[in-house]
Amino acid sequence: MKFIVTEDYEAMSRTAARVISGYVSSHPDCVLGLATGSTPVGTYKQLAVWSQKGDFSFKEVTTVNLD
C-alpha cells in the first residue's frame, strides 16, 4: 500500500483527484468504489471541475457508492 502525505485537506483532495482521474483516463471503463460522507467531498469537487473542463470523462465508468 502506498501512503501519500500532504500538507492539508485541499492538497490531499487534489492529489486524490489526480490519482483517480489518471486511472480513469487510462482505464475508461473501470469500476470505482466511491465513499460517502464529508471526507471525499473535496476530491469529488475537483474531479467534477476537471471533468466539466473536458480533461477526462466518466462516460464509461461504473461506480459503486459505499455507505
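**View 1. The lining of the largest pocket has eight nonpolar, three polar and no charged residues.** In this sorting, Ala, Val, Leu, Ile, Met, Phe, Trp, Tyr, Cys and Pro count as nonpolar, Asp, Glu, Lys and Arg as charged, and the others, Gly among them, as polar. Please keep in mind that this is a predicted model, where local features need pLDDT of at least 70 and side-chain atom pairs count only at pLDDT 80 or more, while totals for chains, interfaces and linings use all residues. Residues are numbered from 1 along each chain as its sequence is written, and side-chain values use heavy atoms, with hydrogens and water left out.

**View 2. The largest pocket has a volume of about 160 Å³.** A pocket is an open set of points, on a 1 Å grid over the protein atoms alone, where a 1.4 Å probe fits, with protein on both sides within 12 Å along at least five of seven lines; lining residues have an atom within 4 Å of a point. Grid points are joined across faces, edges and corners, and the volume is the space filled by probe spheres set on them. Helix 1 (9-26), strand 1 (31-35) and helix 2 (41-53) are the elements that each give two or more residues to the lining. Strand 1 gives the most, with four residues. Helices (H or I, at least four residues) and strands (E, at least two) are DSSP runs, numbered from the N terminus.

**View 3. Thr 43 lies in helix 2.** Thr 43 counts as buried because its relative accessibility is 4%, where buried means under 20% relative accessible area, exposed over 50% and partly exposed in between (1.4 Å probe, protein chains only). Leaving aside residues up to four places away in sequence, Thr 43 touches Met 12, Ser 13, Ala 16, Ala 17 and Ile 20; contact means heavy atoms within 4.5 Å.

**View 4. Phe 56 and Phe 58 form an aromatic pair.** The structure holds one such pair. Their ring centres are 4.9 Å apart and the planes make 70 degrees, an edge-to-face arrangement. Rings of Phe, Tyr and Trp (its six-membered ring) pair if their centres lie within 6.5 Å; planes under 30 degrees apart count as stacked, over 60 as edge-to-face and the rest as tilted. Phe 56 is buried, at 7% relative accessible area, whereas Phe 58 is partly exposed, at 30%.
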